[in-house]
Amino acid sequence: MDIEMLAREVLQKNRRTTSGFQYTVPSPSTYPYQWLWDSCFHAIVLASYDPDAAKAEMHSLMSKQFQNGMVPHMIYWEPGELHVYEWGVIGTSALTQPPMIAYAVWEIFRHTQDLEFLTQIYPGIIAFYRYLVTERDPRGANLASIINPDESGEDNSSRFDSVLGIKPDISYWDHIEVRKKLYSANIGEHPDVSARMRQHFWVKDVPFNSILVKNLRILAHIASTLQDEVGEHFATQHAGLIKAAMREKMLDKGVFWSTTGSEYTKLHVETWAHFAPLFADLYTHEEADALLKEHFHNDLTLRGEWGIRTVSRREESYRPDGFWRGPVWLAPHWFIYKGLQAYGFVEEANEIRELTRKLLEKSGFREYFNPETGEGCGAEEFTWGALYLDMVD
Ligand code: GLC
């Protein structure tokens, strides 16, 4: 089976244009809108063989940026009935998602050397990162907060169960009901983020902040390419500050844990988030070795036969087919692949690529997969499988 060809096909088939804006929907039947980190994944893959489509994807994503710099995590280009919770400004959500934008933009530049594109998109992207390190960090702790689980991209992950006061065996639909209450608390274009955190949901998430560090470093390259010294200094400085704060507040027993509340209480739930800091070079080599032993090569925790579990088998909340409560998802696979590569764990990185290929061959471009059986679940014609094309050395 030609997985490469199928990957390109799914991106092509899911491409849409509305009011002159071109974007890719993650799945035509289940996710018929534009999503923030999905668009970044699409652009990263498209950058190597269809850079014009990658540029269009980023332009459409940035076109709905809020005045305060926030980029919404969903854009409802076409009116529809799915997912339209009352949670936003007209036509968008009022939440954001893991900030992969600088990474995607740099991939496009790397492949095209198109300075005009970079210059055009730069003011919006630097405004987005400035928003994250200021408004999402009202106490100046050098950690960005998320105000809803959906902002992590892992909507019902059991990392957040204790914060939401829910039980390990909560159903997918009951979880949505809990989050809907949060959506209504978060409506509006200029929320008082600080108050919302205190009242509703106050989490510093490990993948979100790891992704932020990596993207700030890339933003520094972009700023330097455009000879913006102030921007370069801003990005480098905050990447360093966040790395230090993450090590200080999140590291415990050799791995990083997300935190909640004013005391940075660690959310001791074992999830794939332990691997996310590899993506931003946050572990020492010694720590990374121990992490691999404890979790990558350990079937009792995160390593399933068919891939990396999003939640450890040791957790009471673990469900092999439970959306973000256990299954393999291919964006985490991609982040883990990139992290392993960066640390020189070439064999393990190749394993992730091979597992990804085997899943796609067995079950197709599904949304998530049972780590014990390889069975595909959730949305069909889902684009994240295309990230396999970017699992290259
Ligand atoms: C689901 C995922 C989220 C993704 C969206 C669109 O809500 O949890 O991460 O962005 O689908 O694919």
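Helices (H or I, at least four residues) are DSSP runs, numbered from the N terminus. Axes are lines fitted to C-alpha atoms over the stretch in contact, and angles run from 0 to 180 degrees between N-to-C directions. This is a predicted model, in which local features need pLDDT of at least 70 and side-chain atom pairs count only at pLDDT 80 or more. Residues are numbered from 1 along each chain as its sequence is written.

**View A. Helix α2 packs on helix α3.** Helix α2 spans residues 36-46, and helix α3 spans residues 51-62. Their axes lie 8 Å apart, at an angle of about 160°. So α2 is roughly antiparallel to α3 (angles over 145 degrees count as such). Contact means heavy atoms within 4.5 Å. Leu 36 and Leu 46 are among the α2 residues that touch α3, whose contact residues include Pro 51 and Leu 61. The contact holds nine nonpolar residues, two polar and one charged.

**View B. Helix α9 packs on helix α10.** Residues 206-225 form α9, and residues 229-250 form α10. Here the angle is about 160°, with the axes 8 Å apart. Therefore α9 runs roughly antiparallel to α10. Val 206 and Ser 224 are among the α9 residues in the contact, and Gly 231 and Met 250 are among those of α10.

**View C. Tyr 172 and Trp 173 form an aromatic pair.** Rings of Phe, Tyr and Trp (its six-membered ring) pair if their centres lie within 6.5 Å. This pair is edge-to-face, with 90° between the planes and 4.9 Å centre to centre (planes over 60 degrees apart count as edge-to-face).

Note on methods:
Heavy atoms only, no water. Helix = DSSP H or I, 4+ residues; strand = E, 2+ residues; numbered from the N terminus. Parallel < 35°, antiparallel > 145°, perpendicular 65-115°, else oblique. Nonpolar A, V, L, I, M, F, W, Y, C, P; charged D, E, K, R; others polar. Phe/Tyr/Trp six-rings, centres within 6.5 Å; stacked < 30°, edge-to-face > 60°.
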